[in-house]
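Biologist: Please show me the model first, and let us then work through it one question at a time.

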Amino acid sequence: MSLKKKDEHDHLGWMQEKQLSPIEKGYLFTLVWLDKRFRIVDYLELLESLYYRVNMQMPKSHTEQYNLDNKFWYWYPLYALGSFSTIAYVVAAISGALLGFYYSPASAGAGPGDPTVAYNSIAFIMQDLQFGFMLRSIHRWSAQVMTAAVFLHMLRVYFTGAYKEPRELNWILGIILISLTMVFGYTGYLLPWDQLAFWAGQIGVEMSLSIPIIGEWIAQLLFGGFSLSQATLQRMYILHVFLLPFVVTSLIAIHIGIVWMQGIAEPH
C-alpha cells in the first residue's frame with residue numbers, strides 16, 4: 001500500500017479506467033495537454049459563466065414570461081429572415097472573394113474601341129473559366145437574395161413592433177445595414193463596366209450633383225469627378241471589396257450580439 005497521496009487531477013489514470021474509443025482518448029488527451037499549459041478549462045468555465053450572465057434576456061421573451069415550452073415563434077419562417085440574410089451575405093462574400101482572383105478593375109481597353117479590361121475579365125470568368133458562370137451566378141443570386149431577405153426582415157420588424165423600446169438601437173442599425181446593402185449592390189453593379197454599369201454610374205453622378213451645397217464634393221469623392229473614368233471604377237472597386245465588407249461584417253456582428261442579449265421580440 002502506497003503512502004503517497006492520490007493525485008485528484010490524475011486525468012490519464014482516470015482515462016485508463018474508462019472504456020473510451022480512440023477518438024475520445026485522443027480528444028481528452030489533447031484537452032488535458034492544452035489545459036496543463038494554457039488553462040483551457042478555466043477559460044471555458046469563464047466563457048460559460050459569461051454566457052449565462054449575458055443571456056439573462058432583458059426584457060424576457062414572450063415564451064419566458066408565460067413559461068411556454070413550445071417556442072413556436074423561434075421557428076416561424078418570418079423570424080428566420082435575419083439568419084437567412086446573414087447566410088446569403090456569407091455566400092456572397094466567399095463567392096466574391098473567389099471572383100476577385102480573376103477580376104481586374106481597369107477601364108482601359110487594349111486599343112481604341114476595344115472592350116475594357118474589366119469587361120474582358122468578366123467575359124473570361126463567364127465563358128472560359130471552369131465553373132466561372134456558376135460562380136458568378138452564385139454571387140449575383142446570393143446578393144439578390146440577401147437584399148430581398150433584409151427588406152422583408154425590416155418589414156417583419158416594423159409590423160410586429162419589434163423596433164420599439166428597448167430595441168431602438170438595433171432598429172437604427174438595421175436601417176444602416178439595409179442602406180449599406182443597397183450601396184453594396186450598386187458598387188457591384190458597376191464593376192463589369194459595360195453599358196448597364198456605365199449609365200448606372202452616370203445616373204449616380206447626376207444624383208450626387210443634385211444634392212444642394214455639397215453635391216459637387218460628393219460627386220468628386222465617390223465618382224472621381226463629374227464624368228465616369230478610371231477613378232470611378234477604382235473607387236467602386238475599393239468600396240465593394242475593401243471598405244464595405246469590413247463595415248458591414250462589424251455591424252452585423254453588433255446587430256446579432258444585441259439580439260442575443262435582448263432576445264427575440266415576439267408578437268403578443
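Biologist: Which residue meets D42 in a salt bridge between side chains?
Modeller: Side chains of opposite charge can pair when their charged atoms come close. The term salt bridge is used for a side-chain nitrogen of Lys or Arg within 4 Å of a carboxyl oxygen of Asp or Glu, and the structure holds 1 salt bridge. D42 counts as partly exposed because its relative accessibility is 38%, where buried means under 20%, exposed over 50% and partly exposed in between, with a 1.4 Å probe and protein chains only. The distance from N to O is 3.0 Å, and the residue that meets D42 is R39.

Biologist: Which pLDDT do local features need here?
Modeller: Residues are numbered from 1 along each chain as its sequence is written, and side-chain values use heavy atoms, with hydrogens and water left out. This is a predicted model, in which totals for chains, interfaces and linings use all residues, side-chain atom pairs count only at pLDDT 80 or more, and local features need a pLDDT of at least 70.

Biologist: What is the phi of R39?
Modeller: Most residues other than glycine have a negative phi, and most peptide bonds are trans. R39 sits in the loop between helix 2 (22-38) and helix 3 (40-54); helices here are DSSP runs (H or I, at least four residues; strands are E, at least two), numbered from the N terminus. Although R39 is not a glycine, its phi is positive, at about 55°.

Biologist: Where is W193 found, another residue with a positive phi that is not a glycine?
Modeller: The phi of W193 is about 55°. W193 is buried because its relative accessible area is 11%. Its place is the loop between helix 9 and helix 10.

Biologist: What is the omega of the peptide bond that joins E165 and P166?
Modeller: P166 belongs to the loop between helix 8 and helix 9. The bond from E165 to P166 is cis, and its omega is about 10°.

Biologist: How many residues apart are Y102 and F124, which form an aromatic pair?
Modeller: Rings of Phe, Tyr and Trp (its six-membered ring) pair if their centres lie within 6.5 Å, with planes under 30 degrees apart counted as stacked, over 60 as edge-to-face and the rest as tilted, and by this rule the count comes to 8 aromatic pairs. Y102 and F124 form a tilted one, with 6.4 Å from centre to centre and 45° between the planes. Y102 lies in the loop between helix 6 and helix 7 (117-127) and F124 in helix 7, so that distant parts of the chain are linked across a separation of 22 residues.

Biologist: Why is the pair of Y237 and F242 edge-to-face?
Modeller: Y237 is buried, with a relative accessible area of 14%, whereas F242 counts as partly exposed at 48% relative accessibility. The ring centres of Y237 and F242 are 6.0 Å apart, and the pair is edge-to-face because the planes stand at 80°.

Biologist: Which helix gives the largest share of the nonpolar patch?
Modeller: V90, I94, L98, F101, Y102 and F124 form this surface patch, with about 600 Å² of accessible area together, the areas coming from the Shrake-Rupley method with a 1.4 Å probe, where for residues only the protein chains shown count as cover. Patches are made of residues with over 30% relative accessible area and no salt bridge, like charges being joined within 9 Å and nonpolar side chains (Val, Leu, Ile, Met, Phe, Trp, Tyr) within 5 Å. I94 counts as exposed because its relative accessibility is 53%. The largest share, 3 residues, comes from helix 6 (residues 81-99).

Biologist: Which exposed residues does helix 11 carry on the face turned away from its buried side?
Modeller: In helix 11 (residues 215-223), G215, I218, A219 and F223 are buried. They lie on the same side of helix 11 because they cover an arc of only 100° around the axis, the arc being that of the directions from the helix axis to the C-beta atoms. These buried residues pack against helix 9 (168-190), helix 10 (195-209) and helix 12 (230-262), contact meaning heavy atoms within 4.5 Å. The face turned away from them carries E216 and W217.

Biologist: Which residues does T187 touch, not counting those up to four places away in sequence?
Modeller: T187 lies in helix 9. T187 counts as buried because its relative accessibility is 1%. The residues touched by T187 are M236, L239, H240 and L244.
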